[in-house]
Amino acid sequence: MQNPYLPYPVRIDEIVVETEDKNLKTFKLVFLNKEDEEKFNYKAGQFAELSIAGKGEIPIGIASSPVEKGFLKFTVNKAGVVTTHLHSMKVGDIMGVRGPLGNWYPWEMLEGKNILIVGGGFAFTTLRSSIVYMLDPDNRPRFGNIDVVYGARTPGMLLYKDELIEWEKRDDINVHITVDATDDPDWKYNVGFVPPITEQKAPQGDENTYAIVCGPPIMIKFTQPVLEKLGYDHEHIIMSLENRMKCGIGMCGRCGIGKELVCKDGPVFTLADINRTPREY
Amino acid sequence: MKVINIDQKKWTKGIETLGGTYKLIGPVAEKDFHTFKTLGQGQLPDLSFTNTRLSPKDVVFPQSEDMFVYTLDPTEEDCNILKEAPKDYSPRVILGIRPCDARAVQLVKLNFDTEQYKDPYWLRLFEATTFVGLACDEPCATCFCTSTGCGPYGEEGLDILLAKDGDGLRAKVLTSKGQELADAAGWTDTADDGGAFDKARQAAEARIVSKVKTDRLGELDTLALHGADFWEDVSFACINCGTCTYLCPTCWCFDIQDEVHGKKGKRMRNWDSCMFPIFTVHTTGHNPRGTKLQRVRQRFMHKLKYFLDKYDQGIMCVGCGRCVQQCPVNIDIRRVCDLMNSYSSENACAVQG
């Protein structure tokens with residue numbers, strides 16, 4: 001019997017400090033056993049449990065993309081016991097990864113559609129995975145227009161800056177970078193919160209357009225009415241939820257929102273799905 | 001109906017024989033109560049109990065269980081790599097489990113044995129266990145098993161059902177696993193009981209006087225029930241002690257924790273409870289079920305609505321009555337079930353015309 005609680009052993013191959021407050025680091029992980037990498041067959045939007053012997057596990061969205069081979073990437077905010085320990089670890093250290101877990105953004109349904117991505121702060125990880133996936137030369141023709149609105153508090157708090165700047169220059173994706181505020185006179189992108197920038201820049205909603213939204217609760221709260229105003233149906237607004245998790249496979253009982261379990265039935269839900277739950281997240 | 005008659009001598013002899021092949025678990029008297037324990041050599045299960053205070057769910061789902069072991073010693077090659085914890089999955093038999101508790105195992109199985117994932121710890125213990133039930137001829141005042149798809153002679157989840165017959169026992173073999181055990185014990189004295197077993201069942205069922213209605217739970221709207229006005233009243237006295245979830249044969253929620261002693265560590269799982277605020281608190285401090293009302297509502301909604309909607313196998317309650325008896329503030333699931341089942345908001349009334 002395969003044990004779904006057993007993590008695959010991995011080695012930390014690279015650590016990148018992402019933000020000016022140094023509270024977010026991206027860990028590039030390489031499987032110790034090649035066959036484990038083949039078993040870890042994931043789609044953009046899924047998560048995994050990062051395992052540290054002696055500390056525990058944490059559920060983290062996969063920031064690397066299925067089209068990037070040979071490694072996994074996770075961007076982790078330093079917050080609790082496991083993440084704080086992870087932030088003290090070094091390249092070459094051994095840890096574990098369990099997954100892939102949960103569902104993913106509905107890529108088959110999204111084929112041929114226009115995609116609006118709205119992200120805020122450090123909830124941009126699986127959105128990065130999705131953008132890299134869609135921009136892959138094999139995949140790009142399978143989608144219509146791609147718009148991205150991504151914001152952080154300051155320029156120094158934006159994740160994946162090099163990639164953002166590169167995407168911003170491309171003509172097959174419209175990237176709208178914004179910050180809440182900046183005193184940088186050379187800042188050439190937007191200034192303002194994500195919801196109003198979305199209102200200004202995002203395409204109108206229609207039956208061929210879907211929005212994928214990830215961000216802090218306050219951003220979600222004020223983005224929803226904007227998207228409604230732009231004509232996005234609740235069936236067309238796709239979100240990724242978070243809840244406290246342990247098992248990640250629908251057994252331990254804590255992440256339930258009604259009969260749905262965020263870890264197994266989610267984390268990806270349409271807003272219409274979420275409206276049918278007691279919203280205990 | 002064909003039954004096996006087991007007199008006292010054959011019972012004693014059979015238990016002794018089974019001790020050679022099976023680990024024996026049965027009810028034993030402990031101070032004022034009975035509890036399920038591993039029986040020592042020559043020890044007989046004490047069948048003179050109504051029901052145990054704790055359910056025997058720990059036979060397949062231990063309260064605390066090692067999952068993995070590892071070393072944190074950097075001089076060792078497998079440092080930081082998790083290995084399966086050594087386990088004993090040798091055959092075992094639980095003797096005298098009540099039909100309600102056996103059915104509870106079947107309900108919990110729906111959670112641990114899914115199409116996508118199999119919980120190896122729970123399933124291996126489940127497969128290693130033979131369930132020998134004991135029918136209830138003298139139920140408690142708080143038993144309401146006949147309302148929950150079970151009954152004092154319920155057979156679901158059992159390999160053998162025993163019923164008392166004077167000083168001896170009658171056994172109804174229900175599965176091949178049960179037949180194997182009966183053969184091993186030398187319980188082979190098959191006879192026609194002339195309908196006595198069924199008669200005893202009917203009499204026992206008639207003694208269950210506590211009833212609840214569950215017929216409307218499925219059709220009621222989840223969000224309407226969630227927003228119902230009675231939760232404040234239901235949860236008012238609750239002290240969030242978690243006794244109900246601890247005793248409940250169908251509560252399975254668990255936590256996973258790492259524990260380190262020197263350079264050796266293990267990952268283990270422990271029973272957890274939706275009654276505790278820490279169960280759902282996020283690292284940010286945000287808690288989706290931060291209030292007592294939310295947690296009490298979660299417990300009852302999970303048992304009586306979400307589970308029903310998810311699996312269509314009835315409610316997640318077998319009517320054992322333990323939580324009713326042991327709740328320190330007298331919260332009664334039967335009353336809550338009735339409140340839910342008879343709920344109609346003003347809108348719901350209008351819809352029903």
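**Chain A, the interface and a helix of chain B**

Guide: The model is a predicted one. Along the principal axes, the C-alpha atoms of chain A fill a box of roughly 50 × 45 × 35 Å. Eight helices and 15 strands are found in chain A, and 51% of its residues are buried. Of the contacts in chain A between residues at least 6 apart in sequence, 70% join residues at least 24 apart.

Chain A also meets chain B: 33 residues of chain A are in contact with 41 residues of chain B. On the chain B side, β4 (64–71), α2 (99–112), α3 (120–128), α6 (222–226), β11 (254–261) and α9 (292–311) each supply at least two residues. The largest share, six residues, comes from β11(B). By class, this side of chain B has 22 nonpolar, eleven polar and eight charged residues.

Two of these elements, α6 and α9 of chain B, also belong to what covers the buried residues of α11(B), together with α7 (231–235) and α10 (322–326). Helix α11 of chain B spans residues 333–341, and its buried residues include Ile333(B), Val336(B), Cys337(B) and Met340(B). These four lie on the same side of α11(B), because they cover an arc of only 100 degrees around the axis. An α-helix has 3.6 residues a turn, so residues three or four places apart point the same way.

Key. Residues numbered from 1 in each chain as written. Chains lettered and ligands numbered in written order. Predicted model: local features only at pLDDT ≥ 70, side-chain atom pairs only at ≥ 80, totals over all residues. Contact = placed C-beta atoms within 7 Å. Nonpolar A, V, L, I, M, F, W, Y, C, P; charged D, E, K, R; others polar. Buried ≥ 20, exposed ≤ 12 C-beta atoms within 10 Å, placed from the backbone. Arc of directions from axis to C-beta.
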